[in-house]
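Please open the model in your viewer and keep the selection panel at hand.

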There are 2 protein chains.
Amino acid sequence: MYSAVIDELIEKFERLPGIGHKSAERIAFYILEQMSGEDAERMAGSIVKAKKSIRLCECCQNLTDESPCSICSSSKRDKSVICVVEGPEDVSAIENTHEYNGLYHVLHGALSPMDGIGPDDIKINELLLRLTAGDVQEIILATNPTVNGTATAVYISKLLTPFNIRVTRIAHGIPIGSDIEYADKITIIKAMESRQEMK
Amino acid sequence: MYSAVIDELIEKFERLPGIGHKSAERIAFYILEQMSGEDAERMAGSIVKAKKSIRLCECCQNLTDESPCSICSSSKRDKSVICVVEGPEDVSAIENTHEYNGLYHVLHGALSPMDGIGPDDIKINELLLRLTAGDVQEIILATNPTVNGTATAVYISKLLTPFNIRVTRIAHGIPIGSDIEYADKITIIKAMESRQEMK
């Protein structure tokens, strides 16, 4: 029972991921009651601008406003390693460690037969095309340790057999700073299996 | 480590209530990867339009795109009763019951000395002005059963003493459909105190 304009605003936010009806209401009232007119305009402008200027990097398929993206075109990055991830947020998480200096490849999803997502629905062909140049020596498969992420990693590793390239998978184990007693069974099994010699 | 345009979009959503950095990222990627260009434009348009057309009803102070609002200007509503609430979402909740036929008054907050919110910061004067016409016979105080909401109800009821008006407070008690064993102590005490004769 709001005016149609408010209902429309609530409905727009309700369609975003992770936002239910109550949260959408709260956001709409925040915009209407607390935000200045200029801030609201700026927010709307931001959506339109991002949507218009952001596209996929022709090389790594990450979201970018310049193609090739700043990572692919950087002379400081090691072009012999490609880290394959499911989404742009994974690139961000790895970049934030400031430890990895290679390139990325963003699949935009993982294989999921249940949802009808096959090899042609994610950026696997684009990855294979990048290998034809012959500079790449290692592919790190950093898809998520879920059923779909693991299936995707296995599928890609098989595809890569004909190429003479080292294919690795990021390690799974007990996260640093957490308690073993709270880790799930599969994580503990993986951590035991991947145990390493103490130096 | 995103392009500046993406960072800006994430930052805009991060400022909304109930949205942390991770959720803002997820929303930004949803807009960039899943939404069509037209849908994004429509969402942006909705924000600008709502912000421009929505204002406070001159009478009940609810958010509206026409003033007086549809409730205040309706000939079918009982103009002798005003239900005082903290926010527009409370009006919506009560309207959804389809049982109340009086008018509303939206305070836009509750008294909160700790946060420096005094009587002049919420729409109490506007409520008193509405009583000068002399049509109102009852004020229902439906502020939330919190410390601030209750303090606001008590404050308004004292202000209304000079007027010859019935002042009531919505009942507090065990919510319908819930278990007494899970109710908090204060609710149980209130429910016992407000007990009524079985008919």
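Across which strands of chain A does helix α4 (residues 88–95) lie? Select this helix in the model, which is a predicted one, and you will find α4 of chain A lying across β3 (78–85) and β4 of chain A, with a direction at about 160° to that of β4(A).

Next, select the sheet itself. Its 4 strands form an open sheet with parallel pairing, in the order β4-β3-β5-β6 of chain A. Because β4 (102–106) and β6 (166–169) of chain A each have a single partner strand, they stand at the edges, and one side of each is left without a neighbour in the sheet. On average, and with direction ignored, neighbouring strands of this sheet are turned by 25° against each other.

A:Arg166 is exposed, with a relative accessible area of 54%, whereas A:Glu138 is buried, at 16%.

Move on to the two copies of helix α3 (residues 37–53), in chain A and chain B, which pack at an angle of about 175° with their axes 9 Å apart. They are therefore roughly antiparallel to each other, the cut-off for that term being an angle over 145 degrees. The residues of this contact divide into 10 nonpolar, 2 polar and 6 charged; among those that meet are A:Ala44 and A:Ile47 in α3(A) and B:Ala44 and B:Ile47 in α3(B).

Finally, select B:Arg15 and A:Asp39, which form a salt bridge with the closest N and O atoms 3.1 Å apart. B:Arg15 lies in the loop between α1 (4–14) and α2 (21–33) of chain B and A:Asp39 in helix α3 of chain A, so the pair joins two chains. Then pick B:Arg42 and B:Asp39, whose side chains meet in a salt bridge (2.6 Å, N to O); both lie in helix α3 of chain B, 3 residues apart, about one turn of the helix. Extending the selection to A:Glu11, A:Lys12 and A:Arg15 shows the network of salt bridges that links these residues with B:Asp39 and B:Arg42.

Definitions and conventions. Residues are numbered from 1 along each chain as its sequence is written. Chains are lettered from A and ligands numbered from 1 in the order in which they are written. This is a predicted model: local features need pLDDT of at least 70, side-chain atom pairs count only at pLDDT 80 or more; totals for chains, interfaces and linings use all residues. Side-chain values use heavy atoms; hydrogens and water are left out. Two strands pair if DSSP finds at least two bridges between them. Axes are lines fitted to C-alpha atoms, for helices over the stretch in contact, and angles run from 0 to 180 degrees between N-to-C directions. Contact means heavy atoms within 4.5 Å. Angles under 35 degrees count as roughly parallel, over 145 as roughly antiparallel, 65 to 115 as roughly perpendicular and the rest as oblique. Ala, Val, Leu, Ile, Met, Phe, Trp, Tyr, Cys and Pro count as nonpolar, Asp, Glu, Lys and Arg as charged, and the others, Gly among them, as polar. A salt bridge is a side-chain nitrogen of Lys or Arg within 4 Å of a carboxyl oxygen of Asp or Glu. Buried means under 20% relative accessible area, exposed over 50%, partly exposed in between (1.4 Å probe, protein chains only).
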